[in-house]
Amino acid sequence: MTRKLIHVVFSGFISLSCISETGAQTGKPIANRQFLDNLAYPYMNNSFDISSESLLVQNPEDICLIQAKLQKNEIILEYVITDTLMIIVCVSRYGKCCYRKQVDAHFWKTLKEYRKELKVADIENLISACKKMYNMFISPVKNILDRKTRLIIIPGRDLSGIPFESFIVDESGQANNGFSCQHYLILDFEITYHYSAKYWAWSFSVTSAYRTNIQEEPELDFAGFSPVFYSSHKVNPLPSSRDELKTIVSMFGRKGLSARIAVGEQSKKTLFLELACNSRVIHLATHNSSNFSKGELGGVLFWDYDPSSRQNVFSKGILTLNEICNLRLKADLVVLNACASGFGKKVGRSGLCSLPLGFLYAGAKNILATLWNVTDGHAGKFMVSFYRKWLSGKTYSKALREAKLDMISHRETALPTLWAPYVLIGQ
Amino acid sequence: MKETENLSEWIERFQLNELDQNEQIRFLSLLERNPLLRREVELDKELNTILSDENLLQLSEKFFLIRDRTGHGRNKWIPVLIAASIIFLLTIGILILVTEKGLVKKFNDQPVAGKSSEKNKGDYLSANFIPIPEFEILIGSTTRGPSFNLKMPQSRTIISRGTDLVFEWTSAEIQNQVKIELFNNKGKKVFESLPYPGNRFTLSTTFFNPGIYYWKIIIDEELISLGCMKVL
């Protein structure tokens, strides 16, 4: 196996973990045409199928803008994978580099097995699968992560649904002493995701996709919706979602923040449409009917959900992706505490068509979503833990990381199947 | 025929030159016609030569003399060894019996003490009933996803070995194919069904050892439901 780390050397570049001399002197990020000349174009000439959003095909000026938004402790890792090649593009504030590796059938098989083992809670094979993932996707660039504490992952189409937090640092001699004793990547880094580095940087400078004059502050700090459901809805009742919202709203209340929740029959789509556009944090604790693997977009369910109209795009009681994209949100955070709410349908070269992408498009800055099925009880407890940490003054990514670390510290909840589905997408 | 029956006597007499003239003529004509007889006569002649060799006989006598002195080749110790073995086995048997009785009593008084086979068996069985914490916390939980309702069995079920475990469910997704996997309390998969399009599945527990087992209901390679059964 040939592994080749290509450092695109330009004036003053030492390595990504070190500030380049030129960069340190000028205090500005550096970009160079060579980056594209050496890397992107040769592949493009060979019909290299790549998203137009990829860092590989951005203008140096755009890369400069992206670097300007990065903090010193942050690094963007973009994964571009084709049938035969994987390229990891690493961009930090003062440097960038690429790593490339041939991809074979074993690569895809390992990836598929890991996904499966994670989702079905395969306690026998999961630890070794997580180590393999680390070796495949992090180990090649680990040297440049030395001084970084925050990873911004652009997983691309093929790695969507892969929680990098669950990767286990494969230290020689490390015994498989259970899930709570492993060195997960989340122990070393805060990890967030985005669909595109360019869009990530752009989102700092605009308020919504429409770039309208939505400048005023939202009236509500928190708007929560939990239909809970009865068996008549032909979906599983979610009793824990009621407790989840009540606990969270009381936490907001204690902080003197304005919050409103709609539980049970109050939790209708019309009320959501009314409140969502004027809330800082939108929280949905419900079912997700999306089944992207079968080409169905679906959406999140509300109390007025009518199962008989499910196949209809404008189904009653379902908030569809179409409708989400047409919202004008001021939300800083949207929490989609439903099953596989962050997973999407693969669309063309550009990646995914998913609910979080719709919310981002509508103007939300951050989306907390799930990558696979979450259980009602644990989903509620996890979110309460997340909000407690966030309301104590931590950032979203830090609060999410600490909520996960809390789960890892207890043997019962240390299984990545329980804590790894929650991912933060956005700024 | 008669000649054939007396053949060995004839050969011996022929070798010793004791045949009369008629007998000799008849034997020679027979010898001429029968190659097997010729071979027999030759072998007999060789044997007589060896037996008449005094040196060889002396050597043989010496060999038997030495063998007698060293005791090799004698079977006189075999009965003694058999008797000793029987006595030894009887002694071991009695010792085990006595020890067993003592430990059973001790085991009844102090369940933890002792190292009898009863205890080992108990340990073995109790080891099969140690739960997996990672699975225990997932038992009976409902997902916030596909509308799948497991009617049977209950999330925690106790059944006797040999009883059938019946799974019955309803799902809003008619086309869903359900897969059932069963794990022992070490996390090892002991059963896996093929993706199943129906809504009822019967699992025989005849070949399962007593212990805790965890079943998983999997749809589209995602865990939908997890439960536990104790086989007694």
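## Helices α7 and α11 of chain A

Helix α7 (residues 239–254) of chain A and α11(A) cross at roughly 10 degrees, and their axes come within 8 Å of each other. This angle makes α7(A) roughly parallel to α11(A). Axes here are lines fitted to C-alpha atoms, for helices over the stretch in contact, and angles run from 0 to 180 degrees between N-to-C directions. Angles under 35 degrees count as roughly parallel, over 145 as roughly antiparallel, 65 to 115 as roughly perpendicular and the rest as oblique. From α7(A), the contact involves A:P239, A:S240, A:S241, A:D243, A:E244, A:T247, A:I248 and A:M251, and from α11(A) it involves A:D376, A:G377, A:G380, A:M383, A:V384, A:Y387, A:R388 and A:L391. Two residues are in contact if their C-beta atoms, placed from the backbone, lie within 7 Å.

By class, the residues of this contact divide into 7 nonpolar, 5 polar and 4 charged. Ala, Val, Leu, Ile, Met, Phe, Trp, Tyr, Cys and Pro count as nonpolar, Asp, Glu, Lys and Arg as charged, and the others, Gly among them, as polar.

## Basis of the description

The model is predicted; local features need pLDDT of at least 70, side-chain atom pairs count only at pLDDT 80 or more, and totals for chains, interfaces and linings use all residues. Residues are numbered from 1 along each chain as its sequence is written, while chains are lettered from A and ligands numbered from 1 in the order in which they are written.

## The two chains

Chain A contains 13 helices and 16 strands, and chain B contains 8 helices and 8 strands. Helices (H or I, at least four residues) and strands (E, at least two) are DSSP runs, numbered from the N terminus. Of the 427 residues of chain A, 50% count as buried; of the 232 residues of chain B, 17% do. A residue is buried if 20 or more other C-beta atoms lie within 10 Å of its own, exposed if 12 or fewer, and partly exposed in between, with C-beta atoms placed from the backbone.

In chain A, 70% of the contacts between residues at least 6 apart in sequence join residues at least 24 apart. In chain B, residues 24 or more positions apart account for 55% of the contacts with a separation of 6 or more.

## Helices α11 and α12 of chain A

α11(A) also packs against helix α12 (residues 396–409) of chain A, at an angle of about 135 degrees and with the axes 8 Å apart. The two helices are therefore oblique to each other.

A:F382, A:S385, A:F386, A:K389 and A:W390 of α11(A) meet A:Y396, A:A399, A:L400, A:E402, A:A403 and A:D406 of α12(A). This contact has 7 nonpolar, 1 polar and 3 charged residues.

## The interface between chains A and B

In the interface, 31 residues of chain A are in contact with 23 residues of chain B. On the chain A side, the elements that give two or more residues are α4 (105–119) and α11 (376–391). The largest share of that side, 4 residues, comes from α11(A). By class, the chain A side has 14 nonpolar, 10 polar and 7 charged residues.

## Helices α4 and α5 of chain A

Within chain A, α4(A) packs against helix α5 (residues 126–137) at an angle of about 135 degrees, with the axes 9 Å apart. This makes α4(A) oblique to α5(A). The crossing of α4(A) and α5(A) is left-handed. On α4(A), A:T110, A:E113, A:Y114, A:E117 and A:L118 meet A:L126, A:A129, A:K132, A:M133 and A:M136 of α5(A). The residues of this contact comprise 6 nonpolar, 1 polar and 3 charged.

## The two sides of helix α3

A:I63, A:I66 and A:Q67 are buried in helix α3 (residues 60–69) of chain A. They cover an arc of only 100 degrees around the axis, which puts them on the same side of α3(A); the arc is that of the directions from the helix axis to the C-beta atoms. On the other side of α3(A), A:E61 and A:A68 are exposed. The buried residues of α3(A) pack against β3 (85–92) and α6 (197–202) of chain A.

## Residue A:Q102

A:Q102 lies in strand β4 (residues 95–102) of chain A. A:Q102 is exposed, with 12 other C-beta atoms within 10 Å. Apart from its neighbours within four places in sequence, A:Q102 is in contact with A:T84 and A:L85.

Terms used: Left-handed = near helix turned anticlockwise from the far one by under 90°.
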